[in-house]
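Please walk through the model below, beginning with the ligand and its surroundings and then turning to the overall fold and the helix packing.

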Amino acid sequence: MSLPVAVITGGAGGIGSSICRALAEVGFSVVVGYNKSAEAALALAKSLHGAGHTAELAPVKDSYAMKQLAQRIGERYGRCDALVNCAGITRFVAHGDLDGLDDALIDDILATNVRGAFASVRAFRPLLEKSTITGGGVVVNLSSAAGSIAIGSNVIYCASKAALDNMTKSLARALAPRIRVVSVSPALVDTEFVKSLDQSWRDEQAARTPLGRLGTPNEVAATVRAVITTLTFTTGAIISVDGGRPLK
Ligand SMILES: NC(=O)c1ccc[n+]([C@@H]2O[C@H](COP(=O)([O-])OP(=O)(O)OC[C@H]3O[C@@H](n4cnc5c(N)ncnc54)[C@H](OP(=O)(O)O)[C@@H]3O)[C@@H](O)[C@H]2O)c1
């Protein structure tokens, strides 16, 4: 019998690469979706534990390309059991700086973080519906605590993650019982990019977190893996991985 298949958009990114490794370790064939980072995605796919991994162009703003990708995955594997919508963008703009958040940036954030996740689900729905893994096909949307606490890199990024969480609930209802849809919602995660930011700012974020530190990509990946493999009666939920950040 063939191995279960997981497609991860933004799979070569700071969090996405940890998710790819976590799913490969429990026996998934992993499709590392990339937009610009083809080389990193290919290298990651080659390095993963297990079998059947590949790197594929998955430009989430291009709905037609996502449909074509789903078709290729169907032809190659005959299945897709898990879709992880990890592709996402943002840029730091102070919340009071309304002119700093220009229309092009607003459109780009919403097209990637919201429309892109929807388009990916739309493209992979037929394959996910046919999944035979325990709990059925599953979509995990990488959200953010920013979506609920409205504190984050900019106003529209926060709004995009609120929209994503809302979409998680609508789609969970609409696609049940064959497909589960769950948001995994981290606060600031100590990716290589975040590590490159000002240390005093990172310390301040950690101080505002009841557990006293930032999350790690592996902790987010372990949560995504649990949603897919263990939390098989969970759908429409927003699962926090944030050290209690909204409490403080
Ligand atoms: N880091 C944090 O603190 C944090 C906290 C909460 C939530 N999140 C969420 O977690 C997810 C991953 O974040 P990260 O920190 O790992 O960021 P990252 O390293 O910048 O990764 C973002 C990924 O998104 C992909 N991407 C961007 N635009 C795309 C497009 N148009 N089509 C397809 N893929 C696209 C990038 O692919 P290419 O490189 O191939 O272009 C990249 O792999 C995001 O949704 C983010 O909002 C992050």
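**Ligand shell, fold and helix contacts**

By class, the shell around the ligand has 15 nonpolar, eleven polar and two charged residues; Ala, Val, Leu, Ile, Met, Phe, Trp, Tyr, Cys and Pro count as nonpolar, Asp, Glu, Lys and Arg as charged, and the others, Gly among them, as polar. The model is predicted: local features need pLDDT of at least 70, side-chain atom pairs count only at pLDDT 80 or more, and totals for chains, interfaces and linings use all residues. Residues are numbered from 1 along each chain as its sequence is written.

The ligand is surrounded by 28 residues, of which Gly10, Gly13, Asn35, Ala87 and Gly88 are the closest. A residue is near a molecule or strand if its C-beta atom, placed from the backbone, lies within 6 Å of it. Helix 1 (14–25) and helix 7 (192–195) are the elements that give two or more residues to this shell. Helix 1 provides the largest share, three residues.

The protein has nine helices and seven strands; these are DSSP runs numbered from the N terminus, helices being H or I with at least four residues and strands E with at least two. Its radius of gyration is 17 Å, close to the 18 Å that the globule rule gives for 248 residues, so the protein is as compact as a globular protein of that length. The radius is taken over C-alpha atoms, and the rule is 2.2 Å times the number of residues to the power 0.38. Along its principal axes the C-alpha trace spans about 50 × 35 × 35 Å.

Helix 1 also packs against another helix. Its axis and that of helix 9 (residues 217–229) come within 8 Å and cross at roughly 50°; axes are lines fitted to C-alpha atoms, for helices over the stretch in contact, and angles run from 0 to 180 degrees between N-to-C directions. Helix 1 and helix 9 are therefore oblique to each other (under 35 degrees counts as roughly parallel, over 145 as roughly antiparallel, 65 to 115 as roughly perpendicular and the rest as oblique).

A second pair is helix 4 (residues 103–129) and helix 6 (residues 155–175), whose axes come within 9 Å and cross at roughly 15°. That makes helix 4 roughly parallel to helix 6. The contact includes Ile106, Ile109 and Leu110 of helix 4 and Ile156, Tyr157 and Ser160 of helix 6. By class, it has 14 nonpolar, two polar and two charged residues.

Key: Contact = placed C-beta atoms within 7 Å.
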